[in-house]
Amino acid sequence: MIRTELVRPSLPPAVREPCPAPVPLPDRGITSAEVTRWWGRDRAELRACEQRRAAAVAAVDGSASP
């Protein structure tokens, strides 16, 4: 007789926490180009981080990604 047992990996608690918030911009005048570049890059990186994190947690938990 063969018995199949599902063993789920455990995730460290830190993985279940959302990605950190963006770092505030410096207290100085910045150009429009700097705002556009930093804003776009920051938002894209945070979005990708959260999607990867949520997908990993969902894969382990066996649920759909938000």
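Modeller: The expected span of a helix is 1.5 Å times one less than its number of residues. The model discussed here is predicted.

Biologist: How far apart are the end C-alpha atoms of α1, and what span should its 30 residues have?

Modeller: Helix α1 covers residues 32-61. At 1.5 Å a residue, its 30 residues should span 44 Å. This agrees with the separation of its end C-alpha atoms, which is 43 Å.

Biologist: Is E34 buried or exposed?

Modeller: E34 belongs to helix α1. Buried means under 20% relative accessible area. The relative accessibility of E34 is 16%, so E34 counts as buried.

Biologist: Which residues does E34 touch, leaving aside those up to four places away in sequence?

Modeller: E34 is one of the buried residues of α1. With residues up to four places away in sequence left out, its contacts are R28 and W39.

Biologist: What is the relative accessible area of R53, and which residues does R53 touch beyond four places in sequence?

Modeller: R53 also lies in helix α1. Its relative accessible area is 18%, and R53 is therefore buried. Not counting residues up to four places away in sequence, R53 touches V15, R16, E17, P18 and C19.

Biologist: How far apart in space are R53 and G40?

Modeller: In sequence, 13 residues separate R53 from G40. From C-alpha to C-alpha, the distance between R53 and G40 is 20 Å.

Biologist: Which residue takes a positive phi just after α1?

Modeller: Helix α1 comprises residues 32-61. Just after α1, a positive phi of about 80° is taken by G62.

How values were computed. Residues are numbered from 1 along each chain as its sequence is written. This is a predicted model: local features need pLDDT of at least 70, side-chain atom pairs count only at pLDDT 80 or more; totals for chains, interfaces and linings use all residues. Side-chain values use heavy atoms; hydrogens and water are left out. Helices (H or I, at least four residues) and strands (E, at least two) are DSSP runs, numbered from the N terminus. Buried means under 20% relative accessible area, exposed over 50%, partly exposed in between (1.4 Å probe, protein chains only). Contact means heavy atoms within 4.5 Å.
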